[in-house]
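I opened the notebook to record, entry by entry, what I looked up in this structure. The sequence and the coordinates come first, and my notes follow.

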Amino acid sequence: SKATSLGGGIYHYEYAVYNQNSDRNGGSFSVPIPAGASISNIGFRDGTYRNGDGPGNVNISGTDWVGTVMAGAIVWETETEAANPSANAIRWASTHNFRFDANVAPTNSLVTLGLWKPGSPTSVTAAAEVPSVGAPIVLAYCFGNGTGTVCPCANPGAAGNGCANSVNAAGANLGTLGTPSISADTFVLSGSGMPNSSALYFQGTSQANAGAGTVFGDGLRCAAGSVIRLGTKTNAAVKGANVAGNVRTYQCWYRNAAAFCTVDTFNLTNGVQATWQP
């Protein structure tokens, strides 16, 4: 296995699976991936079969294994022995290659090879470089649409946003771009749907009220714990830095001076949690 940085927080993963002398052969290959990972360029390569090299002097099938993103893994597989005795299994002295790109840095873990011919065990594992598996890298939470703490004065926002404000009944949104990575940081916070006034982006170390948020001004406070001010902007994007392994929460606190909800003159977006990668 080999993982190579392509820059911009994207990594290319390559795997070569060689069958030295196993009669049971390989029939599937699985690589674990974290929830929320962006997977692209899934590929496969095998050898060429010819001259009646399969059962009954029929060529072994050259049908490529199709890689499929499933819950928690990318899985490639061929037909079972029962379905096709000449299926494109990883046979004696042959190698199959598997590859993909992901926006997740590598870590050392295990890949799984499913054995093609029936028997026990049904699979074996091997050490390899895989995308870091754990909490989602970036997730939104603490929405002002009633799924958590109720907005302070019957001013719910739309799904995925904070509470409604004086210029946007759908509420303001905190979105993200890129990957939170120490070695290749492209992580950007971007606020929208709020008045054209000052907006403070800040970082916390926990989710307020277990992610449901607490009433604060005309909205909900989502990011809590040890807070760091990232910068005051006028509805612009900002970047933040951290250390690998940190789980941090983010939010935008913005001025809303119009008479709208409470006597306070501010509101907040939804929250975002990010897990920083190497």
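**Entry 1: Thr-179**

I began with Thr-179, which I found in the loop between strand 11 (173-177) and strand 12 (188-192); helices (H or I, at least four residues) and strands (E, at least two) are DSSP runs, numbered from the N terminus. I note for all entries that the model is predicted, that local features need pLDDT of at least 70 and side-chain atom pairs count only at pLDDT 80 or more, and that totals for chains, interfaces and linings use all residues. Residues are numbered from 1 along each chain as its sequence is written, and side-chain values use heavy atoms, with hydrogens and water left out.

Is Thr-179 buried or exposed? Thr-179 is buried, with a relative accessible area of 5%, where buried means under 20% relative accessible area, exposed over 50%, and partly exposed in between (1.4 Å probe, protein chains only). Setting aside its neighbours within four places in sequence, I listed Gly-9, Asn-103, Ala-184, Asp-185, Thr-186 and Phe-187 as the contacts of Thr-179, contact meaning heavy atoms within 4.5 Å.

**Entry 2: the whole chain**

I then looked at the protein as a whole, which has 0 helices and 22 strands. Its radius of gyration is 25 Å, whereas a compact globule of 278 residues would have one near 19 Å; the radius is taken over C-alpha atoms, and the globule rule is 2.2 Å times the number of residues to the power 0.38. The C-alpha trace spans about 85 × 35 × 30 Å along its principal axes. Of the 278 residues, 46% count as buried. Among contacts with a separation of 6 or more, 71% are between residues 24 or more positions apart.

**Entry 3: the salt bridge**

How many salt bridges does the structure hold? I found 1 salt bridge, the term standing for a side-chain nitrogen of Lys or Arg within 4 Å of a carboxyl oxygen of Asp or Glu. The side chains of Asp-23 and Lys-117 form it, at 3.2 Å from N to O. Asp-23 lies in the loop between strand 2 (10-19) and strand 3 (26-32) and Lys-117 in the loop between strand 8 (106-115) and strand 9 (123-131), so the pair ties together parts that are 94 residues apart in sequence. Both partners are partly exposed: Asp-23 has a relative accessible area of 46%, and Lys-117 one of 22%.

In the loop between strand 8 and strand 9 I also noted Pro-121, which is joined to Ser-120 by a cis peptide bond with omega about 0°.

**Entry 4: positive phi**

Most residues other than glycine have a negative phi, and most peptide bonds are trans. Against that background I recorded Ala-93, with a positive phi near 55°, and Ala-154, with a positive phi of about 50°. Ala-93 sits in the loop between strand 6 (73-77) and strand 7 (94-102) and is exposed at 57% relative accessible area. Ala-154 sits in the loop between strand 10 (138-141) and strand 11 and is exposed at 73%.

**Entry 5: the largest pocket**

I next examined the largest pocket, which holds about 170 Å³ of space. On a 1 Å grid over the protein atoms alone, a pocket is an open set of points where a 1.4 Å probe fits, with protein on both sides within 12 Å along at least five of seven lines, and lining residues have an atom within 4 Å of a point. Its lining has 13 residues, of which Ala-16, Val-17, Phe-29, Val-111 and Ala-126 lie nearest the centre. Strand 2, strand 8 and strand 9 each supply at least two lining residues, and strand 9 gives the largest share, 5 residues.

Last, I compared two loop positions. Gly-62 lies between strand 4 (39-45) and strand 5 (66-70), is partly exposed at 49%, and is in contact with Asp-46, Tyr-49 and Asn-88, leaving aside neighbours within four places in sequence. Cys-222 lies in the loop between strand 16 (219-221) and strand 17 (223-224) and counts as buried at 0% relative accessibility. The C-alpha atoms of Cys-222 and Gly-62 are separated by 54 Å, the residues being 160 apart along the chain.

How values were computed
Grid points are joined across faces, edges and corners, and a volume is the space filled by probe spheres set on the points.
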